[in-house]
Amino acid sequence: MANFLKTIAAIVVGYGIAHNYLIAATAQTSSSSHLDAMKSMYRREPPPPIANQALVDLGRDLFFDPALSASGKTACVTCHLPQLGWAVTDAKSRNDSGKLTSRRSQPLIGMGRIGTTPVGWDGRNPTLEAQAKSSIARPARCR
Ligand code: HEC
């Protein structure tokens, strides 16, 4: 009797495992084919037209120029690293004076398309231009 019960229990457990495996396998197959379908539909938007190439070049130079900071050592790129989506991995950024700021640098991907959306974690700056100016002037960044 005990052996019979053990066999039944093994069959029930085995069935449960096989059942869960099949559900997981089905879910994986459908989500990866769903992902493949989404990837095939994705089209990167063309870059926005450049109105003034000289201004773009100046912006790039300034972004990498530590002369913008009080110490002459901190540039925008110090806290917005290209290889990290123009952000950092640290939980909080360190300002030009070496103090930890209260926040993490945000990624800057897609900033060129932000339009009239407020900028910053809490939208504290109404425009990208205002954010750039405050990044230079505020003690939390380049001071
Ligand atoms: C000391 C580190 C530090 C430096 C230097 C710095 N930033 Fe930032 N940046 C941050 C942090 C932290 C935030 C998040 C701001 C917030 O919401 O409080 C941020 C946010 C931004 C944003 C908003 C992104 C978004 O998704 O809304 C822009 C744009 C930006 N920075 C541009 C710049 C530019 C341009 C410079 C150079 C002039 C610069 N940053 C220099 C740390 C830095």
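## The shell around the ligand

In this predicted model, the shell around the ligand is made up, by class, of 12 nonpolar, 11 polar and five charged residues. Of the 28 residues around the ligand, those that come nearest are C76, C79, G120, W121 and S135. Two elements give two or more residues each to this shell, namely helix 3, which covers residues 76–79, and helix 4, which covers residues 128–137. The largest share comes from helix 4, which supplies five residues to the shell around the ligand.

## The fold of the chain

The secondary structure of the protein chain consists of four helices and zero strands, and when the elements are read from the N terminus on, their order is α-α-α-α. Among the 143 residues of the protein chain, 8% count as buried.

## Confidence in the model

The average pLDDT of the protein chain is 82, and 78% of the residues score at least 70. Confidence is lowest in helix 1, residues 2–41, where the mean is 66, whereas helix 2, residues 53–63, has the highest confidence, at 95. Where pLDDT is low, the predicted coordinates should not be read in detail.

## Two residues in the loop between helix 3 and helix 4

Where does W86 lie? W86 is found in the loop between helix 3 and helix 4, and its phi is near 65°, which is a positive value in a residue other than glycine. Is W86 buried or partly exposed? Because W86 has 19 C-beta neighbours inside 10 Å, W86 counts as partly exposed, given that a residue is called buried if 20 or more other C-beta atoms lie within that distance.

G112 also has its place in the loop between helix 3 and helix 4. Why does G112 count as exposed? G112 has 12 other C-beta atoms within 10 Å, and it is therefore exposed, since the cut-off for an exposed residue is 12 or fewer. In sequence, G112 and P47 are 65 residues apart, while in space they are 8.6 Å apart, taken from C-alpha to C-alpha.

Conventions:
Residues are numbered from 1 along each chain as its sequence is written. This is a predicted model: local features need pLDDT of at least 70, side-chain atom pairs count only at pLDDT 80 or more; totals for chains, interfaces and linings use all residues. A residue is near a molecule or strand if its C-beta atom, placed from the backbone, lies within 6 Å of it. Ala, Val, Leu, Ile, Met, Phe, Trp, Tyr, Cys and Pro count as nonpolar, Asp, Glu, Lys and Arg as charged, and the others, Gly among them, as polar. pLDDT is the predictor's confidence in each residue, from 0 to 100.
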